[in-house]
Amino acid sequence: MAVSGLFAAVRAAPGPWQRVACVAAGFRCRCPGKSYAVGPAHSQPTFGFLLDIDGVLVRGHRVIPAALKAFHRLVNAQGKLRVPVVFVTNAGNILQHDKAQELSALLGFKVEPDQVILSHSPMKLFSQYHGKRMIVSGQGPLVENAQVLGFKNVVTVDELRMAFPVLDMVDLQRRPKTTPLPRNDFPAIEGVLLLGEPVRWETSLQLIMDVLLSNGNPGTGLATAPYPHLPVLASNMDLLWMAEAKMPRFGHGTFLLCLETIYRKVTGKELRYKGLMGKPSILTYQYAEELIRRQAERRGWAAPIQKLYAVGDNPMSDVYGANLFNQYLQMAKHEGAEELGTSGLLKQRPSATQSCASILVCTGVYSPKVPGSTEPAQGGEEPPFHGHRDFSFSPGLIEASHIVNDVDEAVQLVFHKEGWAL
């Protein structure tokens with residue numbers, strides 16, 4: 001099965017999504033680089049946008065000029081969006097409210113916090129772990145982000161390092177000069193929460209491994225590593241992301257790859273996730289679909305939102321995820337939403353969404369050597385698979401429905417397809 005690893009995304013849930021097909025629907029459009037004929041304006045949208053941020057709207061802290069043009073089309077004279085828009089990013093080292101403010105300043109119109117989905121936002125649904133004592137890894141406002149998600153008892157890697165100084169031994173300057181007394185008053189850790197890439201990878205990798213191998217008691221040691229291990233929840237599987245540098249940078253998916261490889265090397269077993277979210281997880285797209293619906297209701301748009309257009313720069317997260325969600329929607333139409341089920345975590349009303357088209361832009365991770373081409377560059381060889389271990393490679397799923405130069409052309413394309421005025 002081409003998506004045999006899909007349920008790593010929501011391992012706490014049932015498994016009906018395993019029957020999702022593995023050949024992407026839709027047709028491709030070579031970067032057109034042109035405007036489209038103006039059609040009649042509509043006041044009741046039946047479609048919405050899921051917009052990636054890094055590589056689509058911004059590069060690092062610089063807005064991409066095409067994004068400003070795109071929102072000139074998307075926002076009306078009153079400064080309101082003409083269609084529902086949700087920003088779906090795999091970033092997670094910032095608070096949702098702060099990300100909305102950042103986007104507002106960059107794009108020149110008011111972005112509400114509930115229009116922003118961070119990679120870890122769907123962790124709000126994993127309430128069975130919210131009361132557990134979790135070690136949290138990442139950077140930025142870690143504890144505050146974890147609390148916003150519902151986790152009530154978290155310990156940072158730095159707090160664990162301070163409690164057990166002898167665990168962090170890579171940096172010679174940080175090694176304790178004397179051997180501290182062992183302590184037995186530190187409550188056991190009950191799970192691992194990975195919100196994004198940390199700063200000191202070696203420290204986080206070491207201490208997370210200590211927690212897993214000691215069953216949550218890193219000040220002690222066990223003769224045999226427990227398996228199954230403590231629950232692990234992770235967000236953002238991106239191997240690479242695009243900032244100001246000419247070449248892509250390591251993402252949290254690279255950190256996860258390191259942790260998984262070390263765990264397997266040490267124990268001989270696979271690291272397993274109770275929840276793995278962010279794009280391309282179907283759960284993230286269901287979450288986004290629900291926010292689109294609520295946004296339309298709040299604006300008084302009575303017509304159901306039937307089509308979603310997901311715009312991104314990363315074939316392995318944005319395109320794969322949108323195509324996977326589109327496959328899920330097609331299966332739901334044929335077999336019924338109740339039979340297919342959802343994650344068991346997200347209690348949605350019956351969905352009106354009929355399709356989710358993937359639109360790939362050329363301003364970020366994806367940058368073809370030959371404009372408009374997605375073919376492998378070397379003698380027909382398959383490109384390397386940059387996706388997460390638990391998502392199997394399927395060429396059809398990384399084939400975008402449309403390829404355009406930038407987000408402004410993506411908006412023009414969609415408005416043309418929907419018969420909307422530019």
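A polar contact is a pair of N or O atoms within 3.5 Å, where one must be able to donate a hydrogen and the other to accept it. With that in hand, we can start at a serine pair in this predicted model: the side chains of Ser-235 and Ser-119 are joined by a polar contact of 3.3 Å.

**Around Ser-235**

Ser-235 belongs to strand S9, which covers residues 232-235. Its relative accessibility is 0%, so Ser-235 counts as buried. Beyond its neighbours within four places in sequence, Ser-235 is in contact with Ser-119, His-120, Met-123, Leu-194, Leu-195, His-252 and Met-277.

S8 and S9 run parallel and are joined by 3 bridges, with Leu-193 standing opposite Leu-233 in S9. S8 also pairs with strand S6 (residues 133-137), in the parallel sense over 4 bridges; here Leu-193 of S8 is the bridge partner of Val-136. In a regular strand the side chains alternate between the two faces of the sheet.

**The nonpolar cores**

Leu-193 turns up again in the largest nonpolar core, which has 69 residues; Leu-193 is listed with Leu-50, Phe-151 and Leu-160 as those with the most contacts inside it. Helix H7 (residues 282-298) gives the most to this core, with 8 residues.

Not counting residues up to four places away in sequence, Leu-50 touches Val-86, Val-88, Tyr-285, Ala-288, Ile-292, Leu-308, Tyr-309, Ala-310 and Val-311.

**The six-stranded sheet**

An open sheet is formed by 6 strands in the order S5-S4-S1-S13-S14-S15, with parallel pairing. At its edges are strand S5 (116-117) and S15, each of which pairs on one side only. Further in, S1 and strand S4 (residues 85-88) run parallel and are joined by 3 bridges, and Phe-49 has Val-85 of S4 as its bridge partner.

**Helix H10**

Helix H10 (residues 407-418) has 12 residues and reaches 16 Å from its first C-alpha to its last, close to the 16 Å expected at 1.5 Å a residue. Is H10 enclosed or open to the outside? Of its 12 residues, 10 are buried, so H10 is largely enclosed by the rest of the structure.

Asp-406 caps the N-terminal end, with a side-chain oxygen 3.1 Å from the backbone nitrogen of Asp-408. After H10 comes Gly-419, whose phi is positive, near 75°.

Tyr-320 sits in helix H8 (residues 315-335), and Cys-258 in helix H6 (residues 252-267). Tyr-320 is buried, with a relative accessible area of 0%, whereas Cys-258, at 28%, counts as partly exposed. Leaving aside neighbours within four places in sequence, Cys-258 is in contact with Trp-201 and Leu-205. The table gives one C-alpha pair for each residue.

| Pair | Separation along the chain | C-alpha to C-alpha |
|---|---|---|
| Cys-258 and Glu-202 | 56 residues | 9.9 Å |
| Tyr-320 and Phe-393 | 73 residues | 9.6 Å |

**The whole chain**

Stepping back, the secondary structure comes to 10 helices and 15 strands. Of the 422 residues, 55% count as buried. Among contacts between residues at least 6 apart in sequence, 78% join residues at least 24 apart.

Methods. Residues are numbered from 1 along each chain as its sequence is written. This is a predicted model: local features need pLDDT of at least 70, side-chain atom pairs count only at pLDDT 80 or more; totals for chains, interfaces and linings use all residues. Side-chain values use heavy atoms; hydrogens and water are left out. A nonpolar core is a set of buried Ala, Val, Leu, Ile, Met, Phe, Trp, Tyr and Cys residues joined through side-chain atoms within 4.5 Å. Buried means under 20% relative accessible area, exposed over 50%, partly exposed in between (1.4 Å probe, protein chains only). Helices (H or I, at least four residues) and strands (E, at least two) are DSSP runs, numbered from the N terminus. Contact means heavy atoms within 4.5 Å. The expected span of a helix is 1.5 Å times one less than its number of residues. Two strands pair if DSSP finds at least two bridges between them.
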